[in-house]
Amino acid sequence: MAKWSTVAPSTDMRSLWRGVVRTVFWSYERGSWPYDLMVILIVIFVLLTPRAWFRDLPQPAAMEKSSITLIADDSLNQTQTYRIDSAVFAAEKRATKPTPELERETHDLLGRTVDGLKDHTFQVVRIEPNRAENGAVLFYDVTVHP
């Protein structure tokens, strides 16, 4: 005669733990249903996660290009001076006086957006911050030597 029991079957914690470990260390065989389920969950996460959650918003190239103007071209000294709007830089990158980090940022920005400097070697000679009455930097005058 069969034995009937009204006690709920106990959960085998070892098999549950094994499933967690296999999932964390991605040890399922390719083509198995757990593997396919993990891939589907990852794809859903990548496609449906709002970009703002990661605060990784792209800088529009059009804004960068329109924020840079050539204000002086000195052929005698072979220098060019560009005016860069300070809004192009992130707030933590803006400086009231020239710093190596600001120089690197301006160099990268000019090399990326100014057609005459793309794919050419040039040196940032001088950075002059222009401030408003309250001391905030409005724009930078950057002199480069191609």
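## Burial and overall fold

A residue is buried if its relative accessible area is under 20%, exposed if over 50%, and partly exposed in between (1.4 Å probe, protein chains only). By that definition, 23% of the 146 residues of the protein chain count as buried. The model is predicted: local features need pLDDT of at least 70, side-chain atom pairs count only at pLDDT 80 or more, and totals for chains, interfaces and linings use all residues. Residues are numbered from 1 along each chain as its sequence is written, and side-chain values use heavy atoms, with hydrogens and water left out.

The protein chain has four helices and four strands. These are DSSP runs numbered from the N terminus: helices are H or I with at least four residues, strands are E with at least two. Along the sequence the pattern reads α-α-α-β-β-α-β-β. A contact means heavy atoms within 4.5 Å. Take the contacts in the protein chain between residues at least 6 apart in sequence: 45% of them join residues at least 24 apart.

## Helix α2

Helix α2 covers residues 33-48, 16 residues in total. From its first C-alpha to its last it reaches 22 Å, close to the 22 Å expected at 1.5 Å a residue. The expected span is 1.5 Å times one less than the number of residues.

Which residues of α2 are buried? They are P34, Y35 and M38. Seen down the axis of α2, the buried residues fall within an arc of 105°, so they line one face of the helix. The arc is taken from the directions from the helix axis to the C-beta atoms. An α-helix has 3.6 residues a turn, so residues three or four places apart point the same way. What covers the buried residues of α2 includes α1 (13-24). On the other side of α2, W33, L47 and L48 are exposed.

Strand β3 (residues 123-131) pairs with β4 in the antiparallel sense, over eight bridges. Two strands pair if DSSP finds at least two bridges between them. N130 has F139 of β4 as its bridge partner.

β3 and β4 form a hairpin with five residues between them. In the turn, G135 has a positive phi of about 95°.

## Salt bridges

A salt bridge is a side-chain nitrogen of Lys or Arg within 4 Å of a carboxyl oxygen of Asp or Glu. A search of the whole structure finds three. Side chains of opposite charge can pair when their charged atoms come close.

D141 and R83 meet at 2.9 Å, N to O. D141 lies in strand β4 (residues 137-145) and R83 in strand β2 (residues 79-85), so the pair ties together parts that are 58 residues apart in sequence. D141 is buried at 10% relative accessible area. R83 is partly exposed at 30%.

D115 forms a salt bridge with K118, with the closest N and O atoms 3.4 Å apart. D115 is exposed, at 53%, while K118 is partly exposed, at 31%. R126 forms a salt bridge with E128, with the closest N and O atoms 2.7 Å apart. R126 is partly exposed at 42%, and E128 is partly exposed at 35%.

## Aromatic pairs

Rings of Phe, Tyr and Trp (its six-membered ring) pair if their centres lie within 6.5 Å; planes under 30 degrees apart count as stacked, over 60 as edge-to-face and the rest as tilted. The whole structure holds two aromatic pairs. W26 and Y35 form an edge-to-face pair, 5.4 Å centre to centre with 70° between the planes. W26 is partly exposed at 35%. Y35 is buried at 17%.

The rings of F89 and Y140 have their centres 5.8 Å apart and their planes at 75°, so this pair is edge-to-face. The pair links distant parts of the chain, 51 residues apart: F89 sits in the loop between β2 and α4 (100-113), Y140 in strand β4. F89 is buried at 4%. Y140 is buried at 0%.

## S67 in its loop

S67 lies in the loop between α3 (61-66) and β1 (68-74). Is S67 buried or exposed? S67 is buried, with a relative accessible area of 11%. Not counting residues up to four places away in sequence, S67 touches R83, I84, D85 and V88. R83 is also the salt-bridge partner of D141.
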